[in-house]
Amino acid sequence: MKSMKYFGVSFGYAGIVEGRVLLNQLFKYRFFSFLLMMLCATVQQVSAQNLDTKELPLYDKTGLQSKEDWLLAKTSKKSGIYRTSEGNLALSNGLVTRMFSMTPNGATIGFDNLVTNESLLRAVGPEAVLWINGQEIKVGGLTGQPIGNYLLKKWIPTLKADPFALKLVSFTTNPIRERFEWNRKTNWMPKQLAWPPQGMELTFTYKADAYIIDKIFNASSSDSQRKVIFKDDFREVSSQWKVVTEAGANVSFNNEGKAGEILAPTNSIAYAEQSIPKDTQVIICKLNSGTDGLENNSPYNPYGLGVSLVFADGKTSKFCIQPSGKRITINHQDRSLQWSGYNPGKDVWIRIMFLGEKMACSKSEDGEIFSESIELPLASMPTAIRVGKTDPRGGKEESSDKGAIGRSKIDQVVMLGEPLVKTTKLDYLSDLEVQIHYEVYDGLPLMSKWVTIKNNSSTEILVNNVKSEHLAATEVESEASGQTWRLPPIFTETDYAFGGMNAKANSQTVEWQPDPSYTTQVDYGLKNPNVLVCKPQMGINQELSSGKSFESVRLWELVFDSYDRERRGLSQRKLYRTIAPWVTENPSIMHVSKADDKSVKEAIDQCAEVGFEMVIMTFGSGANLEDGSAANLDRMKKLEDYARSKNIVLGGYSLLASRSINKETDVVMPKPDMKPTFSKAPCLQSVWGQDYFKKLYTYFETTGQGVFEHDGSYPGDICASTTHIGHKDLGDSQWKQFTEIRDFYRWCRGKGIYLNIPDWYFLNGGSKTAMGYRETNWSLPREYQELIERQNIFDGTWEKTPSMGWMFVPLVQYHGGGPTATIEPLKEHLPHYEQRLANLFGAGVQACYRGPRLYDSPQTMVLVKKWVDFYKKHRSVLDGDIIHLRRADGRDYDAILHVNPLGKEKGLLMVYNPLDEPIVREIDVDLYYTGLKNQAAVSENDGVSRKQTLTGTKTKLKVTIPAKSQKWFVFN
């Protein structure tokens, strides 16, 4: 067989280790020989034309860095794309910079927090990894970094292009474009926010060159596509190994508890042996000679670290590292050969491939690019392998001539079998176009990233999955054996989030993973989670026909500049206001409990009278959005017309995921012991599921209603059915169900339909989710609910803005509790009703007031209108950020401070007294995030304002609060 060159191991190999191996699909090379020559010439020509950076401004880090706090800044530095003096590209907004190499391939070579002046990138990785038709394809990236702890600028010119990755051919720049339409409701918002957000997009285009196509066609060149028979990373000494060492205190194969670390004199025996499985076709060993054999300065170290093969007839072959001679010696039968150019103390990979009557042997310095192979005769397959220090022939004969004690290390042994699939079509590869998109946003340290795949071939392809981010970040802490880990200061969001009511709903897509290739980290188990990966865990398996494009999950990366919880929360809240500004729409909401015409109209009238802005025909009301009859749609259209005449937005409720339809419709679990998230659920891609969404589209198009409360929204359930109309099987079920509901929510946002959803769909149009309450708590006695409500708001606004979460007020019974849990008759419980109104409107948090009416007497109406008017008067600051001062505990005052540094009212302090007696307190208040300094004007309960001297941004405020009451203080 012809000798082989450049055997790829690393990222594809890691994919195997993770158990995510996909089928390798191969095609005959000569069918495309002419095409490949033309492609190579085209790529070179395109590169020369489209990678020119001369017209871009020069990157000046010092000049770009913002001099003021970006959370308070009235204006922000504009985002831009720059060239560097080294010929690289920089995407920056003065707060964060991501740097990219252009040659020999595109790669992220810097990720800097300009606020703290720290580098967040420690190692270069691929820009993306794709799985298409079962084939793993890397996009961009560089190899050859000597260590993974940090990345020096001087190393970058020495790095090499990964030969098995798609190559960068061009880049384009654009202002940020809107992801979907937003029909905003300005009267519900404190201020007008930009859509699309202000900033810049940088797009890199990658294509295959002749080399990658050639090598993917060659089955023997792709270790990533072989079956893994055995793998050992030597975290501990596996029982499969038999360890052999000389007797004596100076010889160890498990030095200081580190498996595979050998401490021994130069001419000593210390190795591990095990049998070689019969199906093995490739053996790869990663070794480091350390200090073994360096002290005696002799080029010949016959007992050195290496790999030995043992044959049935007792003969052995040895691949021996000789660091003083800067070489690796091969002793095979009657032959002795050498590889020169070994770097002492560095990692080396030795690869042995068995080819019938011969074996092909090669070495690598990075596990990616292997040397020209040496072919050696092979009479029979070896029966065992030894790794470690053996005698010169690979045996266990001891020597009396001991040298200096040294350390060496075995890092990994892998045995691979045959390629998983031997024939397939890869003709799409030469016409595959992959775009990596980056966005940077004005005014906050935020970037976004996603991947677009264009199928320009004449055949359909299957996109199995996309890893759109692989960011090797600088670890926050170095622990020898961490139990819990502090993560790098990067907060992530995606538009593929579901199954929860906080940002953890992204966990099925974004993950901090350990990096097994980072062998110089402190943690012996190499388990420090320091690689940020964005990749749907379930895969996507989407067909992509000729001429079509596919867009991956979008990832947002927010760089924190502090470990302070409040500042981090403020950063996240500004993120949501920037990339999902519809969350600032904050209408006051009534849940009318009956949906007959009379009840709905009375609710609309009352809302209009006191200033409420929205009526939702709630669960149990009798409203049926799935009823597509002409009579129902006509009735709902007339109710909408009536609501519109009173300037009230009307809509209804529908239950989706937590219900069962029938056996043919419900999701099919792949295992008998598995259940859907809510124990039962329909498949959104069944006939019923698709019809359900058609009914919703029709309902809102016909009636014109403007709010939708969607309960039990799609939580990410999978479905193994092969008969449902909208998906093929388990592999594509999650992605297709999600995109069904995602597209509907985006359509609603374009129509201006407000979305109450108990799930994390903000990035796809969701307006509100729960603030954090437990539903059964609203069946507790009224007096308990008052304090729990303020606790829920305090806890729920660390990461959410007040407008992103709803609370609940049970005007009538909810889940039980009887008369002591409800407020009706309202006029009989005015003190409690006022406390609830003060809690909620005072926090800028809208609740769903559920019942037949908002008031039942003139006094009740006056009370409700008082607090609605309070909210609307101070809306711009109440809808701003909350600074958390003291959580409610019922034993003393509790307080929150609203801040709006860009508004007329800079701050509003709410102080609550839960005690049965009045209190006088002196409260420390820091007005830093209001933007006020040295002096402020403060008014109490909207009375006459007075001057307040500040110590910088801090002040002591003396407050007197009646029993079971509250006060507010406005700062200007």
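**Questions around Ser713 and the cores**

Visitor: Which residues are in contact with Ser713, leaving aside its neighbours within four places in sequence?
Guide: Contact means heavy atoms within 4.5 Å. With neighbours up to four places away set aside, the partners of Ser713 are Ala657, Phe678, Ile741, Tyr745, Ile757, Asp759 and Tyr761.

Visitor: What pLDDT do local features need here?
Guide: Residues are numbered from 1 along each chain as its sequence is written, and side-chain values use heavy atoms, leaving out hydrogens and water. This is a predicted model, in which totals for chains, interfaces and linings use all residues, side-chain atom pairs count only at pLDDT 80 or more, and local features need pLDDT of at least 70.

Visitor: Is Ser713 buried or exposed?
Guide: Ser713 is found in the loop between strand S40 (707-711) and helix H9 (730-751); helices (H or I, at least four residues) and strands (E, at least two) are DSSP runs numbered from the N terminus. Residues under 20% relative accessible area are buried, those over 50% exposed and those in between partly exposed (1.4 Å probe, protein chains only). At 2% relative accessibility, Ser713 is therefore buried.

Visitor: Which side chain joins that of Ser713 in a polar contact of 2.8 Å?
Guide: A polar contact is a pair of N or O atoms within 3.5 Å; within protein, one must be able to donate a hydrogen and the other to accept it, and residues adjacent in sequence count only if both atoms are side-chain atoms. The side chain joined to Ser713 at 2.8 Å is that of Tyr745.

Visitor: How many residues does the largest nonpolar core have?
Guide: A nonpolar core is a set of buried Ala, Val, Leu, Ile, Met, Phe, Trp, Tyr and Cys residues joined through side-chain atoms within 4.5 Å. Ile453 and Phe204 are among those with the most contacts inside the largest one, and Ile453 touches Leu432 and Val463, among others. The residue count of this largest core is 150.

Visitor: And how many residues are in the second, separate core?
Guide: Ile176, Ala580, Ala936 and Val959 are included in this separate core. Its residue count is 52.

Visitor: What is phi of Phe234 near?
Guide: Phe234 lies in the loop between strand S13 (226-232) and strand S14 (242-245), and Phe234 is buried, with a relative accessible area of 3%. Most residues other than glycine have a negative phi. Phe234 has a positive phi, near 55°.

Visitor: What is omega of the cis peptide bond joining Glu824 and Pro825?
Guide: Pro825 sits in the loop between strand S43 (805-810) and helix H11 (830-843). The cis bond from Glu824 to Pro825 has an omega of about -5°.
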